[in-house]
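Me: I would like to go through a structure and ask what stands behind the terms. Please show it.

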Amino acid sequence: MYVVMIASECAPVAKVGGLGDVVFGLCRELEIRGNAVEIILPKYDCLRYDKIHDLQLAAKDLWVPWYDSSVHCSVYFGFVQGRKCFFIEPHSDRNFFNRRLFYGQEDDDQRFAFFSRASLEFLFRSNKHPDVIHCHDWQTALVPVLLYEIYEQAGMTQPRVCFTLHNLYHQGVTREHILRATGLNRHGYFFHPDRLQDNFNRGAINLMKGGIVYSNFVTTVSPRYAWEMLHADQSFGLGHTLQLHRHKIGGVLNGLDYDVWNPEADPHIPCPYGVATLDNKYENKRALRQRFWLRDVFRPIVCYIGRLDHQKGVPLITHAIHYCLQHGCQFVLLGTSPDPKVAQHFQGLKQHYNDNPDCHLELSFNEEISHLIYAGADMIVVPSLFEPCGLTQLIGLRYGTVPIVRATGGLMDTVFDANHSNKPYHERTGYVFNDFNPQGIESALERAIGLWSNFPQHFRELMINGMRSDFSWNHPGQHYVNVYERIRAK
Ligand code: ADP
């Protein structure tokens with residue numbers, strides 16, 4: 001099969017969160033299974049250019065229709081750890097992708113609508129006819145709309161579209177100008193409840209909704225989140241649309257790229273380790289302490305790695321820091337926040353604990369350091385308010401870093417409570433709590449810290465259970481191939 005992935009992120013060149021990991025990992029798995037895969041990304045100025053090989057011009061004169069005129073673009077080609085990637089660079093004074101960051105601009109709707117149109121124009125002009133186009137989240141949700149309404153009529157009849165919802169919280173709710181900009185000119189037709197009109201704000205269009213309506217199949221990133229989205233108030237206003245289209249919706253649990261995340265061969269950690277050499281993990285713990293000037297004492301290190309925002313449970317992350325420090329643990333946090341208020345909150349905490357030899361808050365995005373923390377910490381907290389899948393707990397499991405998670409979305413599909421799960425003992429891998437409040441997270445932290453302190457052998461078993469569990473791309477890879485085959489057959 002020939003698959004083209006159109007996305008706003010791909011690790012490690014353009015990664016903000018899990019989306020980047022998933023795009024890369026899935027493409028790799030699809031290639032291993034014998035499919036031809038190409039990825040199309042914006043040519044951001046902040047790409048990790050050091051991770052792109054043989055970058056060269058692939059098309060120098062791509063003219064992309066935009067409002068009543070066209071924008072001149074160049075398309076580059078390069079390899080990202082073996083994956084074939086095209087990068088679209090518009091030459092216009094809007095400088096869509098020269099902002100030194102990926103998201104968070106006022107005109108994000110236009111930036112990514114343009115990217116969606118440009119990606120299809122590129123496929124069309126270069127006579128590429130993929131069997132499947134796979135796009136992701138609101139940023140590329142216009143792809144199926146444009147394909148069906150414009151490019152199919154121009155002769156692109158081959159591709160079917162799979163659309164993956166990584167996070168329904170961000171939907172790309174915008175105004176009618178996006179329709180005009182992208183050539184979807186029949187205002188009354190598109191501004192319709194069956195198509196792109198937002199379900200609540202009748203004056204707005206909703207790009208995510210368009211993606212759901214127009215795709216041949218819609219996946220989300222865990223079975224539990226698929227269920228929550230359809231039945232448990234996690235649809236953020238798209239419930240009606242999802243219900244209408246439920247026959248073509250399914251949950252496919254994200255995989256983890258076990259080549260990138262492998263404690264036995266991780267170039268970013270000082271001492272490789274595996275189940276048989278678990279004691280070597282403690283060399284990494286020592287290195288982590290040295291890196292962050294933590295004292296070398298007999299205490300567990302609890303960590304948090306991830307975006308610092310509403311979804312991730314800011315009050316519970318904060319509570320976990322205080323609680324752990326008061327209960328004989330060290331705490332390491334790695335994260336950034338696009339929200340100035342949240343950023344300020346963590347800056348304040350960092351200052352507060354500045355002289356504490358048991359605490360370090362690293363308020364930056366740093367892929368390399370994240371590997372050292374996963375390897376060096378004993379436990380990782382993921383107290384999300386909602387979590388479509390979550391990757392940090394999966395990486396924690398792989399690195400023998402016991403996850404402590406809230407029972408929501410993909411966290412429920414991947415972590416099984418040491419005391420309360422109905423799984424057999426050898427499949428129990430961490431701690432799970434229900435209530436989104438301090439008592440909730442304390443109930444899990446207390447049990448985890450208690451086991452580490454009083455029953456180290458049992459704690460070690462929990463670590464090993466996690467390291468042995470399989471969240472590789474093997475199963476989800478097959479699942480996606482099945483989805484692709486199903487939509488191709490129609
Ligand atoms: P999200 O909701 O952000 O997609 P996930 O848990 O699915 O959350 O994925 C987060 C990914 O981003 C993981 O690979 C995690 O290690 C990485 N990550 C998040 N924040 C940082 C950071 N500040 N520095 C390095 N890596 C980070």
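Me: How many residue pairs in polar contact does the rule find across the interface of domain 1 and domain 2?
Reply: The rule finds seven, with both residues of each pair at pLDDT 80 or more. A polar contact is a pair of N or O atoms within 3.5 Å; within protein, one must be able to donate a hydrogen and the other to accept it, and residues adjacent in sequence count only if both atoms are side-chain atoms. The model is predicted, so local features need pLDDT of at least 70 and side-chain atom pairs 80 or more, while totals for chains, interfaces and linings use all residues. Residues are numbered from 1 along each chain as its sequence is written, and side-chain values use heavy atoms, without hydrogens and water.

Me: What makes Glu367 and Lys15 a salt bridge?
Reply: The term requires a side-chain nitrogen of Lys or Arg within 4 Å of a carboxyl oxygen of Asp or Glu. The closest N and O atoms of Glu367 and Lys15 are 3.2 Å apart, so the pair qualifies. Across the interface of domain 1 and domain 2 the rule finds two salt bridges.

Me: Where do domain 1 and domain 2 lie in the chain?
Reply: Domain 1 covers 2–255 + 474–488, and domain 2 covers 275–468. The bounds come from an automatic or database domain assignment.

Me: What is the area buried between domain 1 and domain 2?
Reply: About 1,500 Å², with 61% from carbon and sulfur atoms. Buried area is the accessible area (1.4 Å probe) that two parts lose on being put together, summed over both. Lys15, Arg224 and Leu253 supply 27% of the area that domain 1 buries against domain 2.
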